[in-house]
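Subject: Structure for your review

Dear colleague,

Please find the structure below, followed by a short account of what was found in it. I would be grateful if you read the text with the structure open beside you.

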Amino acid sequence: MKLTGPFKQIITLNNLPLKGKLQDESLEIIPNGGILTENGKILDVNNFDSLKQKFPNSEIDLIESEQIALPAFVDAHTHICFGGNRANDFAMRNAGKTYLEIAESGGGIWSSVQHTRQASEDDLVNGILERTNILLNQGITTIEIKSGYGLNVDEELKMLRAINKAQGLTKATLVPTCLSAHLKPRDFEGTSEEYLNYILDEILPKVREKNLANRVDIFIEKSAFQLKESKNFLLKAKELGFQITVHADQFTAGSSRIAVEVGAKSADHLEATIDEDIEFLANSNTVAIALPGASLGLGEPFAPARKILDKGGILAIATDWNPGSAPMGNLVTQASILATYQKLTTAEVLAAITFRAAYALDLDDRGILAVGKKADFITYETDNFQNILYHQGSLKPKNIYINGEKI
C-alpha cells in the first residue's frame, strides 16, 4: 500500500448529494491530509500523520511542496475523434455568416464528416491520443468520446474502433458513445426517419456485436432529427440494450423533455431550455450537462445551470470539444466562466466536473475521494483549493494520479 501526502488540503467531495444546489461550507476538507491506496483503490483518506502511524509499513509518496488534492476530473461530452480542421467556420461565424451559409460554403458538420472519412484509422487514433493527452494534463482522467463524423456503417465502426484502440494506448479511461444520429448524411438517399432505421438495423447491431460502445446519442434539433422520430429511435436503441443520451435543446426547446421521458442518462447542451422543461428535467435522474464551450464558440446563451440546480437537478459540465462549435477543450476555463455568469458555487462546479459527471457516464467508482473508490486524483501547487477556479484554468495540476500511480 502507498500513502501519498501530506497535503495542505484534501477536498474529498464525499458525502455530497447527487442532486441540487451546494454550498461551499458543505465541502469536506481534510487539512494535513493523506491518501492511502492499494491495487488502484482508495483505502483511506485522513490526517497524514495518523495514517502514517496506523500503517507504518506503507510506502510513502512524500509531497514536499505545499499542495492540495481533489478527485480527478471527468469530461462527460467530447467529440475528439475527428479529421480535419474548421478554423474557417469560426472565422466566418465571427464575420457574421449564418450556420446555413457556412454549411452551404462547405463548412459545418458535413465538412468534418468528409475529413474524418478521408482519415485512416491510425490517423484517428493518433488524433485521439494527442487530444487525450491535452485533457490528461488538465487533470481529466475519464473522457467520453463520440463517433458521429462517419455516418455510415464502415466509417462509424472505424471511428469507434479508433476510440477503442486509443483506450489501449492511454492511461485515461475512454468512454465511447455511438452518435451515428448526428445528422442525416448528404449522401444518404432517403428520409431522416429512414436513416435512423438504417442506424438501428445496420450500425447498432454491429456496434453491439463487436462491443465497440454501449451508449447511443442523437442530436435532436430542427437541422438534425425531429422530436417524434428521435423518441422512437431512442426507445428502440434502449431495447437493443444501449444506454442513451441526447443532444438536447441547443437551439430550440423540447428535446430535453424527450430525454427524460425515455430515461436518458443525460441531456446535453440545454442552451434553449425553457422554465417548464427545467422543472421536468430537475425532477428526474437525467443529468443536465452544460457545455459552455459551445456557447463561447457560437456566441449563444449559456445553459441555465443556476435554475437547474435551484430546482433540484443534477448538473454536470463538459467541454464538448469538437472541431466546429467548441474547439477550446479547456474544462476548468469553461466551467469557471460558466460559474461567473450563472453564479455557481465552487462546490457546485467541482461536483459538476467530478462525481456528477461520472454519474452521467454510469460510473459510480470515481469522482470522490473515499474508501473503495478508484484512486484517480490530482494535485495543485497552491494552499487554497479556491485558486483552481479563481485562475480560470491557468493554474495547472502539479501531479496526476491514476489508480494511485503518478503519471
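Is Asp-365 buried, partly exposed or exposed? Its relative accessibility is 22%, so Asp-365 counts as partly exposed. Please note that the model is a predicted one.

The side chain of Asp-365 meets that of Arg-366 in a salt bridge, with 2.8 Å from N to O. Arg-366, at 8% relative accessibility, counts as buried.

In total, 21 salt bridges are counted. One of them joins Lys-2 to Glu-405, whose closest N and O atoms are 3.1 Å apart. Lys-2 belongs to strand S1 and Glu-405 to strand S16, so this pair ties together parts that are 403 residues apart in sequence. Lys-2 is buried, at 12% relative accessible area, whereas Glu-405 is partly exposed, at 46%.

A further salt bridge, at 2.9 Å from N to O, is formed by the side chains of Arg-257 and Asp-277. Here the parts tied together are 20 residues apart in sequence, because Arg-257 lies in helix H9 and Asp-277 in helix H10. There is also a network of salt bridges that links Glu-144, Lys-146, Arg-215 and Asp-217.

Turning to helix packing, H5 (residues 121–136) and H6 (residues 153–167) pack at an angle of about 50°, and their axes are 9 Å apart. H5 is therefore oblique to H6, and the crossing is right-handed. Residues making the contact include Leu-124 and Ile-128 of H5, and Met-159 and Ala-162 of H6. By class, eight residues of this contact are nonpolar, four are charged and none is polar.

Yours sincerely,

Notes
Residues are numbered from 1 along each chain as its sequence is written. This is a predicted model: local features need pLDDT of at least 70, side-chain atom pairs count only at pLDDT 80 or more; totals for chains, interfaces and linings use all residues. Side-chain values use heavy atoms; hydrogens and water are left out. Axes are lines fitted to C-alpha atoms, for helices over the stretch in contact, and angles run from 0 to 180 degrees between N-to-C directions. Helices (H or I, at least four residues) and strands (E, at least two) are DSSP runs, numbered from the N terminus. Angles under 35 degrees count as roughly parallel, over 145 as roughly antiparallel, 65 to 115 as roughly perpendicular and the rest as oblique. A crossing is left-handed if the near helix is turned anticlockwise from the far one by less than a right angle, and right-handed if clockwise. Contact means heavy atoms within 4.5 Å. Ala, Val, Leu, Ile, Met, Phe, Trp, Tyr, Cys and Pro count as nonpolar, Asp, Glu, Lys and Arg as charged, and the others, Gly among them, as polar. A salt bridge is a side-chain nitrogen of Lys or Arg within 4 Å of a carboxyl oxygen of Asp or Glu. Buried means under 20% relative accessible area, exposed over 50%, partly exposed in between (1.4 Å probe, protein chains only).
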